[in-house]
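Student: Hi! Could you walk me through this one?
Tutor: Gladly, let's have it up on the screen.

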Amino acid sequence: MTSTLMTTALQVRESSSSTLITWDESVIFPPPRRLSRDYDSDDDPSNPVSYVRDPHKLIAYLVPFPKPTIGDQSRIPDRFLIYTPPTPPLIKPPKGQKESKVHKVQRKWQEEVREAKTGHAKTASWKGVKGKVTKGIDWAINKTTSADLDFLNRIPPDPPHSKARRNSDDSDGDRREGPNTHITAVVGLEELVLVYPPSLGCDPESVKKEFVQSIMRTRSKAKRDAVIATGLLPVAAAIDIMATLVWPFGGLLEIDGVWAFSSIKGAKTARSVIKRLAPPSTDHESPPQKGKLHKKHRPTHSDSSDSDTLQLRLTPSDRVEVIRRYLALKCHEYDPKIFPSPGTGITETEVLDALGWSPALTNGEKSFEDVGWQKMQAKADLLSITMKGAKAWDKWCKTFAKSPTKALKK
């Protein structure tokens, strides 16, 4: 069929001196077929390394940073960009289910950002100005967090052990326990899968050690940023209030508030992850006094079950090589003087396909607008995270070339 269309579209007229080829624009050609990459039989999309949305299981990809051309490359340690795709857009809970204030604020803000980025309002109109301001605030909020902090904020939070879900057959809402009532513990994240490229050449124990150290470094920086952002809240609020007559949109308080919230949440998440990964230590605990149970030795929910343990699993996969090349390309684009070009370019779509990402269902179905919006957000997120990582890695490498001891502490 394609050959027929080509014959119809191209009209060749031969003359004595030359051959003239004219193009018939009325013919519409079928889109080119996209060639998918073939992976090994043991690395198909059904493999656990493919990205899935599971509240009890998180898949993260350890992407090695490229080595710079400055200094002694053999002395530069292997460090990673930890990436996991963004969570789906928040949706309004079903009727009758209570929505938390934090969830509602985040959902409303996501809706405003979507309207601002997908709307076609005129810039001179009120809606157009508001959309420009919303996009500007969203850009500034994105600049307040690092790539590692973004990863921590995407880890599902741990539900408190005191909460329990009661399932009862009573229709009158009676909370008394009976034969038809059972209590089920609310379980959070249970397994963390770290996927790294096989060409890395490091043993799994070294990869795990670097992952834990990266989380600890991010926690220290998040704690520092939380103190700074919290202290700036009154200043940001005062500036927004004084500038109301000139600039009624505000923005400083929102930016600083999200910075403080993200830093506090990231520090708490890092502490929780490290605590759940580390084995329980009893070397420095004093024995309980006779006749009195010490507070640290009181039996808790975690003592009776292993629900607090976060299972860490390391898995090599060739799929990470795609995002590794993408990260090397972004490092080259940020500073071509010290980062060589990885060769051919690669798009965000190819990276997301290699990771197994796909748009999530919205209200049980996929609409054309929702699919397009999620794809656009996923591509922008991948670009933003890798550029943050490239900028931080470029700064660290230059610091390492001047003072290796100082750089290793960061």
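Student: Where does Ser125 lie?
Tutor: Ser125 is in the loop between helix 2 (101-118) and helix 3. Helices (H or I, at least four residues) and strands (E, at least two) are DSSP runs, numbered from the N terminus.

Student: And is Ser125 buried, exposed or partly exposed?
Tutor: Ser125 counts as partly exposed, at 26% relative accessibility. Buried means under 20% relative accessible area, exposed over 50%, and partly exposed in between (1.4 Å probe, protein chains only).

Student: What lies 2.6 Å from a polar atom of the side chain of Ser125?
Tutor: That is the backbone oxygen of Lys122. A polar contact is a pair of N or O atoms within 3.5 Å; within protein, one must be able to donate a hydrogen and the other to accept it, and residues adjacent in sequence count only if both atoms are side-chain atoms.

Student: Before we go on, what kind of model is this, and how are residues numbered?
Tutor: This is a predicted model, where local features need pLDDT of at least 70 and side-chain atom pairs count only at pLDDT 80 or more, while totals for chains, interfaces and linings use all residues. Residues are numbered from 1 along each chain as its sequence is written, and side-chain values use heavy atoms, with hydrogens and water left out.

Student: Thanks! How many helices and strands does the protein have?
Tutor: There are eleven helices and eight strands. Of the 410 residues in the protein, 32% are buried.

Student: What does the side chain of Thr145 reach?
Tutor: The side chain of Thr145 reaches the backbone oxygen of Asn142 at 3.5 Å. A polar contact of 2.8 Å also joins the side chains of Thr145 and Asp150. Leaving aside neighbours within four places in sequence, Thr145 is in contact (heavy atoms within 4.5 Å) with Asp150, Ser262 and Lys388.

Student: Switching to helix 5, why does its span agree with its number of residues?
Tutor: The expected span of a helix is 1.5 Å times one less than its number of residues. Helix 5 (residues 204-242) has 39 residues, so it should span 57 Å, and its end C-alpha atoms are 55 Å apart, which agrees.

Student: Where does helix 5 bend?
Tutor: Helix 5 bends by about 40° at Leu233, and a proline, Pro234, follows within four residues. The bend at a residue is the angle between axes fitted to the seven residues ending there and the seven starting there.

Student: What do the buried residues of helix 5 pack against?
Tutor: Their partners include strand 3 (57-64), helix 6 (252-277) and strand 8 (311-316). Among the buried residues of helix 5 are Val207, Phe211, Ala222 and Asp240.

Student: Now Asp370. Which side chains does the side chain of Asp370 make polar contacts with?
Tutor: One is Arg114, at 2.9 Å, and another is Ser367, at 2.8 Å. Asp370 lies in helix 10 and is buried, with a relative accessible area of 15%.

Student: Aromatics next! How many aromatic pairs are there?
Tutor: Rings of Phe, Tyr and Trp (its six-membered ring) pair if their centres lie within 6.5 Å; planes under 30 degrees apart count as stacked, over 60 as edge-to-face and the rest as tilted. By this rule the count comes to five aromatic pairs. Phe65 and Trp393 form a stacked pair, 5.0 Å centre to centre with 15° between the planes. The pair links distant parts of the chain, 328 residues apart: Phe65 is in the loop between strand 3 and strand 4, and Trp393 is in helix 10 (residues 368-402).

Student: Are Phe65 and Trp393 buried or exposed?
Tutor: Phe65 is buried, with a relative accessible area of 12%, and Trp393 counts as buried at 3% relative accessibility. Phe65, Trp393, Trp396 and Phe400 form one aromatic cluster.

Student: Last one: what is Pro77 in contact with?
Tutor: Leaving aside neighbours within four places in sequence, Pro77 is in contact with Lys67, Trp393, Trp396, Phe400 and Leu408. Pro77 is partly exposed, with a relative accessible area of 24%.
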